[in-house]
Amino acid sequence: MAARLGRREAPQGGRPVAVGAVRAGHIRLLRSAWLIQQPDEYRLEMRQVLEEREHKGETPTPLMSPEEGAALFRCADRRVGALTYGLVSVSPPDPTGARLKALRRALLQLNYIVALFWDQSSLYQ
């Protein structure tokens, strides 16, 4: 997918391409409020597992719908965050949950971020 997206023009800092990928469901954004509500022992799950939770009716849903995510990108006001870091291990990428704990603390302070791109939960693994 990255190669396909890279061939198209990306005016305005890439937002149109990102909006299209989110709207099409290629990328799903992780809901910040859901992540904050998880217990301390929670470890981030792959997108496939989060989608299973969604299909079972969990509310709030872990992932934004494609429509919600695209609308957030269109706002262009920092409501969508992106997280990247070197992996501690391949599986699970955050075995002790230290990074998730730090992220949850940050999200409480940066309450304008309502959704995140985090590769493990946003892309199929």
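This is a predicted model: local features need pLDDT of at least 70, side-chain atom pairs count only at pLDDT 80 or more; totals for chains, interfaces and linings use all residues.

Modeller: Let us begin with contact, which means heavy atoms within 4.5 Å. Leaving aside neighbours within four places in sequence, Thr61 is in contact with Arg31, Trp34 and Glu54. Thr61 belongs to the loop between α4 and α5. The C-alpha atoms of Thr61 and Arg31 are separated by 7.4 Å, although the two residues are 30 apart along the chain.

Biologist: What is the mean pLDDT of the chain, and which of its elements has the lowest?

Modeller: The mean pLDDT (the predictor's confidence in each residue, from 0 to 100) is 86 for the chain, and 88% of the residues reach 70 or more. Helix α1 (residues 2–6) has the lowest mean among the elements, 39, while strand β1 (residues 30–31) has the highest, 97. Over residues 1–11 the pLDDT is below 50, and this stretch has 10 contacts in the model beyond near neighbours in sequence.

Biologist: How many helices and strands does the chain have, and what makes a run of residues one of them?

Modeller: There are 7 helices and 3 strands. Helices (H or I, at least four residues) and strands (E, at least two) are DSSP runs, numbered from the N terminus. Along the sequence the pattern reads α-α-β-α-α-α-β-α-β-α.

Biologist: In which order do the strands form the open sheet?

Modeller: The order is β1-β3-β2, with mixed pairing. Strands β1 and β2 (80–83) are called edge strands, as each pairs on one side only. Ala82 stands opposite Phe117 in β3.

Biologist: Why does Trp34 count as buried?

Modeller: Buried means under 20% relative accessible area, exposed over 50%, and partly exposed in between (1.4 Å probe, protein chains only). Trp34 stands at 1%, so it counts as buried. Tyr42, with 8%, is therefore buried too. By contrast, Arg78 at 60% counts as exposed, and Ala76 at 43% is partly exposed. Ala76 lies in the loop between α5 and β2, and Arg78 has its place in the loop between α5 and β2 as well.

Biologist: Why is the pair of Trp34 and Tyr42 called edge-to-face?

Modeller: Rings of Phe, Tyr and Trp (its six-membered ring) pair if their centres lie within 6.5 Å; planes under 30 degrees apart count as stacked, over 60 as edge-to-face and the rest as tilted. The ring centres of Trp34 and Tyr42 are 5.5 Å apart and their planes stand at 90°, so the pair is edge-to-face. A search of the whole structure finds 1 aromatic pair.

Biologist: How do you know that the charged end of Arg47 sits over the ring of Tyr124?

Modeller: The distance from the ring centre is 3.9 Å. A charge sits over a ring if NZ of Lys or CZ of Arg is within 6 Å of the ring centre and within 35 degrees of the ring normal. Tyr124 is also touched by Glu51, as are Arg28 and Leu63, not counting residues up to four places away in sequence. Glu51, found in helix α4, counts as buried at 11% relative accessibility.

Biologist: Which residues touch the most other members of the largest nonpolar core?

Modeller: A nonpolar core is a set of buried Ala, Val, Leu, Ile, Met, Phe, Trp, Tyr and Cys residues joined through side-chain atoms within 4.5 Å. Of the 13 residues in the largest core, Leu30, Leu35, Tyr42, Leu103, Leu116 and Trp118 touch the most other members. Two or more residues each come from α3 (32–37), α6 (98–109) and β3 (115–118); α6 gives the largest share, 3 residues. A second, separate core of 10 residues includes Ala21, Val22, Ala70 and Phe73.

Definitions and conventions
Residues are numbered from 1 along each chain as its sequence is written. Side-chain values use heavy atoms; hydrogens and water are left out. Two strands pair if DSSP finds at least two bridges between them.
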